[in-house]
Amino acid sequence: MIINHPILGPRDSQEFTYLGDASLIDRPDWQAEDAADQFHDYLYLRDNPAGEHRELWFHEQGDRSWLVVTRNTVTHEILTVELARDVARARGRSK
Amino acid sequence: MTDAVMNAGAMAFRADGSNGARKGAQVNRLDGGLINGARKLGFTFDGTRYEGHEGDTLASALLANGVRLMGRSFKYHRPRGVLTSGSEEPNALVELRSGGRQEPNTRATVAELYDGLEANSQNRWPSLQHDFMAINDRFSNFLTAGFYYKTFMWPAAFWEKVYEPIIRKAAGLGSISFEADPDAYDKGFLHCDLLVIGAGPTGLMAALTAGRAGAQVIIADEDFLLGGRLNAETFGIGDLTGAAWGAQVQAELAAMPNVRVMPRTTIIGAFDHGIYGAVERVADHVLAPEAGKPRQILWRIYSKRAMLAAGATERPIAFENNDRPGVMLAGAVRAYANRWAVTPDQTVAVFTNNDDGHRTAADLIAKGVKVTAVIDTRTDAPKVEGAELLAGARVIDTKGRLGLEVAQVRLADGTTRDVPCGALAVSGGWNPNVHLTCHQRGRPAWREDIAAFVPAGELPQNMSVAGAANGDFSTAAALRAGAEGAVAALSELGIEAKASDLPEAEDAPVNVTPFWYVKEGKGRAWLDQQNDVTVKDVKLAHQENFRSVEHLKRYTTLGMATDQGKTSNMGGLAIMAELAGKQIPEVGTTMFRPPYTPVSFGVMAGRSVGEEFRPTRKTPSHKWAEEQGAVFVEVGQWLRAQWFPKAGETHWRQSVDREVLQTRNSVGICDVTTLGKIDVQGKDAAEFLNMMYANAFAKLPVGKVRYGLMLREDGIAYDDGTAARFAEDHFVVTTTTANAVLVYRNMEFARQCLFPDMDVQLISTTEAWAQFAVAGPNARKLLQKVVDPEFDISNEAFPFMGCGEVTVAGGCRARLFRISFSGELAYEIAVPTRYGDAMIRKLMEAGEEFGAVPYGTEALGVMRIEKGHAAGNELNGTTSALNLGMGRMVSKKKDCIGNVLSERPGMNQDDALKLVGFRPVNAGDPVQAGAHLMNADGEVSAATDQGYITSAAYSPVLGCSIGIGFLKRGDARLGEVIRAVNPLEGKETRVEVVSAHFVDPEGERLRG
Amino acid sequence: MRYSGLKVIKEALTGHKGWRPTWRDPEPKNSYDVVIIGGGGHGLATAYYLAKNHGLTNVAVIEKGWIGGGNVGRNTTIIRSNYLLDGNEPFYELSLKLWEGLEQDFNYNAMVSQRGILNLVHTDAQRDAARRRGNAMILNGSDAELLDVEGVRAMYPFLNFSNARFPIKGGLLHRRGGTVRHDAVAWGYARGADLRGVDIIQNCEVTGFRIENGKCLGVETSKGFIGANKVASCVAGSSSRVMEKAGMRLPIESHVLQAFVSEGLKPVLDGVVTFGAGHFYVSQSDKGGLVFGGDLDMYNSYAQRGNLPVVEDVMEGGMALMPMLGRVRMLRSWGGIMDMSMDGSPFIDKTHIDGLYFNGGWCYGGFKATPASGWCYAHLLATDTPHKVAAAYRLDRFRRGCMIDEKGQGAQPNLH
């Protein structure tokens, strides 16, 4: 597979390490009343779609960016690639 | 395959003008052909010497020498000859070469002849002519599809003891020599605008069009001679013969710097995003690779566009005893005659359901071969000149023990006639080579007019298909599709190309009437010749409800042989459709999967073999340690010194005991560079580490080090190490050797994904610093001789858990940490890696007066067990801080990775495992890691399991074997005697539960 | 009809006219006591044991495609009982014991062959772990032997002992482990279930569940609604897709695992060998092909195919372990969709929806589990209580903090 790195351009997927669903960005608040439930759902449950999947890849053999790759799990086609940090900010993870 | 206007009498010549072969011992050699008659090559088959010519394959050379019998089938051991002239060959498989280069199951049809070639037939005993296992053929009525699922079940033990060993011994085709392959293999990457797969008329025209437009082009073909069917046919292109036109185009392409022409290269698979795997056979056509050259190369081709121009494969018609040597595909017979100047026999008959078969008759007649009949299933078959036409007829049986002698024909009027022939050229039509289009999501569609499947569905990204592979069988159509396809593909890339004037070529329509198998005859008609799957087997599968194509394949093994059903699947499908009363497209097709043709282990492994299987990482002191005669051990990819034997030491324990005792008594030095090191800087560095570690770091003073435990988000402890604060905004973190990469990755994840606006930067400095542990009562004295005098490292100025930047050896930058894994007064000192070798020498020199010893990973392990420090065996991915006895370290006052989920009830049970130590009750008894713990009395069983020992060692300090491990409620059971059981090795030891801190439990030594 | 050698001979002499369909192809009835979704090994085994052990024969197995077309038809055929943890080993030991009598039980030769599995160890830490595992196996009634390097050499002298990057230091041998003719398992269970009255319905896709007031009443399918007292999902790699129709999110990700077979060879290798320093394991089929595999492609996928880097990685491992394979050719590759769970262990459990049951999360260990999975799932469906050896396979175990993590990798499915 080829991942079109937003900064570095097309890169072989072998340069990357895969983590999983990009929802792992949405780490819950540890002080929430139902923190235990929230953390359970966050860590253990997955949509696991057959189709478009937003997922985290780490450019381990490269610039060490975490990326959010939107990829179709049926065709393996890659639709978009974003810097995970930008995604995290957009999801309100700024301080 | 391409169509041709019959050009009787035409002789093909190589572009270089050399003539074909002359007759000699090669009784079936004809005139002409694309072989080099001037260069004779000697070879052996089953020990008999033969001669062939440059340009021959093993198959063509054997045929030339009158050899039809080349192999035996898998199940019935039927005598078999060559069926095809290409990589789809199911029958003519041989063991090529010998010794470490012995290569089983090599298709004689693609084995390029070289002088000294050595081939042997396979799957026969004692000889190809007299094969004892041919007895199976007598019992074929019992050995039908799937018979083995219904029997061999009684008595129960007999399957494994009697039946299966016999089956296994008989199974398989070729054999290996069990010697290591002496040849080298390479891998490489290629990039192109357009990859053209196949160099027949379509591919050549496409490459030419794209090449002339200046695009980066790769054209690959599995054959050693480009041109595809142009070399096998007699028709011309423009003013040239097909072969000469192909050679001319190849010459033009070869002269273009933007075009890479790759003969002997098979595209094995279409992978995601335009990546293709290709195997180039660099040296399979010579006796042995040139020195320093690889045998084969695996190329990963990154293409922007790809065009499949892989042509088509002819399919046979099934009839009774259609597997005798001499029964061949008509296109193959034509290829042997035209390209290789060989006829399989002096009398040949043709059996066809389409016009293409007639060309074989015409070409053979033109070469002077007697064609005894053209048997055409069609009543309206076209006339044939020079041979008798039997229209509306079909072959119903054949005769000949080790080779074809007679074809029995049922004529249109219902009478039967014997047609004498040593070869029967059969054509059932042609199947486009759609394989690569199916490697992802493509599913072929049926085209009625050509009675074949063509590419359809979702093709691999940016792949197009042209020519015969797309069902366009005429030469003119191929040339047009190649040129237009190239123009279209390049225009998508913004490259303008022109479909230049296409040369004139034949443009005959396809005339085919589907005819899959001859219904007459009670005997067997073969579909899959290698696996011995007959029409009867398909009928039986249908009868037993194995009707889905996948069930058919799996139940009968149809299409599962080394040719993957390239010539047999279609027939099976058609018969299944007929039996099920369905149309062929309703039955569907089985999946085509990579590789297109089989691929050697060697080429897929490339250079990653033997000691180069994975990279070797060496520590900065490696060279010095080698000089000391150290014994090394693999720690992940690292090589670390395991111990340093001294003269007179005959057992590793002597060396390790000495290293431990000398370290504890005076001072020892160990290279700990392999520990992961991460530089953490920024205003929020402390806050960041507070999130990473279970324990608190925010208030760690500058100049101090703290032990830290890292949890996964699920609350399990996964790594430990230290963080040293060099400045308000600067920490140096160490990790375990095993987790250096993982911890860094996780920290980057937290930094970028969880806390994107924290002011913190990370960099891995594992390789940047050489780090040495200096441990033992004389550690400070030793270091005071190395650290430059302006740095006060006295106990007061540089206490336990202190850290700081210093210089050593007169100004060399260094970092000093007062931390201890061994439990002794100890430091770790780090210098830039390039000074690592100098540093170990300096330390050893300075330590001489104290009798300093280097110690390896064994002594390191012994000392950490004596001290009860957890390491990889304890941090096994299932243990929590609670289990490790560090439950209270997990701060509940702050957030950290793993905090919330570590509180789940299952991880906090009353009888949770706790890390404790174990001492044998009888001092001489060994304690073993991996032993399970049982109460002092009672049953030994899984139900009574109390835990397990994780690490054990002989402690030279205590004079006995000791261990640490996890015991249920272990911390409350100190003093209890229990059993460490090891039924695996028949051992059981009574051990006392003790604190894991065997040595200096109060920690006085490290503070001294 | 009973299969036997005698029957084969009789049929051979009478033109094979007496063979009947191995299973019928009935149209679905309006309703069943139990509808099993998924005609793979586990679903068919569940149906077989529901009928055989519990007398429940008003059962349908509905399959989207052809039976046995999922992972039971695309695996590396290995069976073993060599697990470490309490939650697992008794289950896999039951499974192995069922394999040992399976063929006589369902009257179909699935070629169960206990050729032995040798897990090589290359470091002292691996040996410690192997000892702990071997002892756990023995304590649970399985078998294990710890071999030193000479013991390994005596079994397989052709492994790379001379210039290996990671020298072989020994191995854990599990003699009762072995291989089975995988397709035959599906067919044998199908035949056995069919003979007892179970309806096997192919080409019937579940499109939804009918759930009213928290109770599952049946399934909507491409062949219409089929009512059921109990609906049992058993669809491995498609678990998330199917259960999503019931509104459930699962602790599962779907990943592709590739496997490979070589061209047929005369005998090379008697048992199963796993390389402990790379991703490679291999056995030789009765037909002569080397059947081998390695690691996942690592990314989520529902495509039954993988990519080249993993092919290379696996075959590098092959060459590292057995340099004599250099000129042996890989014939075919394929990919299966693995229902990778969050701790690497499976689920056999009720769901929060009354009448809806779930079996999945088998990762790449589903094949060897087939008999015990069917046995225990049938037990749960028939009695509404978990079988004692499968009692740990609960969906709520992560909430409780009771993970069954053999590899110690935590909540990252592709690492299990």
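Trainee: How far apart are the end C-alpha atoms of residues 34-78 of chain C?
Mentor: Keep in mind that this is a predicted model. An unreviewed UniProt entry lists residues 34-78 of chain C as "domain: Rhodanese". The span is 31% helix and 20% strand. Its end C-alpha atoms are separated by 30 Å.

Trainee: What do residues 914-1000 of chain B have as their percentages of helix and strand?
Mentor: UniProt, in an unreviewed entry, gives this stretch of chain B as "domain: Aminomethyltransferase C-terminal". The end C-alpha atoms of residues 914-1000 are 20 Å apart. The composition there is 0% helix and 48% strand.

Trainee: Which residues touch the most other members of the largest nonpolar core?
Mentor: That core has 98 residues. Another core, of 75 residues, lies apart from it and includes A:Tyr44 and B:Met692. In the largest core, the residues that touch the most other members are C:Ile36, C:Phe91, C:Trp99, C:Tyr108, C:Tyr189 and C:Ile348.

Trainee: Which residues does C:Phe91 touch, not counting those up to four places away in sequence?
Mentor: C:Phe91 is one of the residues that touch the most other members of the largest nonpolar core. Its partners beyond four places in sequence are C:Ile348, C:Trp362, C:Ala369, C:Ala372, C:Ser373, C:Cys376, C:Val389, C:Ala390 and C:Tyr393.
That list includes another of those core residues, namely C:Ile348.

Trainee: How far from B:Cys896 is the nearest cysteine sulfur?
Mentor: A search of the whole structure finds zero disulfides over all chains. A disulfide needs two cysteine sulfur atoms within 2.5 Å. B:Cys896 is in no disulfide, and the nearest cysteine sulfur, that of B:Cys753, is at 18 Å.

Trainee: Is B:Cys896 buried or exposed?
Mentor: The cut-off for buried is under 20% relative accessible area. B:Cys896 has a relative accessible area of 0%, so this residue is buried.

Trainee: What area do chain C and chain B bury between them?
Mentor: The size of an interface is often given as the accessible area lost when the parts come together. Here 120 residues of chain C are in contact with 121 residues of chain B. Carbon and sulfur atoms account for 55% of the buried area, which is about 10,000 Å².

Trainee: Which residue of chain C forms a salt bridge with B:Arg614?
Mentor: Between chain C and chain B the count is 16 salt bridges. In the one formed by B:Arg614, the closest N and O atoms are 2.8 Å apart, and the partner is C:Glu316.

Trainee: Which residues of chain C lose the most area to chain A?
Mentor: The contact takes 25 residues from chain C and 24 residues from chain A. The two chains bury about 2,200 Å² between them, with 50% from carbon and sulfur atoms. Together giving 29% of what the chain C side buries, the residues are C:Arg249, C:Asn300 and C:Arg399.

Trainee: Which residue of chain A forms a salt bridge with C:Arg399?
Mentor: Chain C and chain A have four salt bridges between them. In the one from C:Arg399, the closest N and O atoms are 2.9 Å apart, and the partner is A:Asp37.

Trainee: Where is B:Ala717 placed in chain B?
Mentor: B:Ala717 has a relative accessible area of 0%, so this residue counts as buried. Among its contacts beyond four places in sequence are B:Leu709, B:Leu875 and B:Leu884. B:Ala717 is in strand β40.

How values were computed:
Residues numbered from 1 in each chain as written. Chains lettered and ligands numbered in written order. Predicted model: local features only at pLDDT ≥ 70, side-chain atom pairs only at ≥ 80, totals over all residues. Heavy atoms only, no water. UniProt positions renumbered as here; feature names shortened; annotations may be inferred. Helix = DSSP H or I, 4+ residues; strand = E, 2+ residues; numbered from the N terminus. Core = buried A, V, L, I, M, F, W, Y, C linked by side-chain atoms within 4.5 Å. Buried < 20%, exposed > 50% of the residue type's maximum accessible area, 1.4 Å probe, protein only. Contact = heavy atoms within 4.5 Å. Buried area = accessible area lost by both parts, 1.4 Å probe. Salt bridge = Lys/Arg side-chain N within 4 Å of Asp/Glu carboxyl O.
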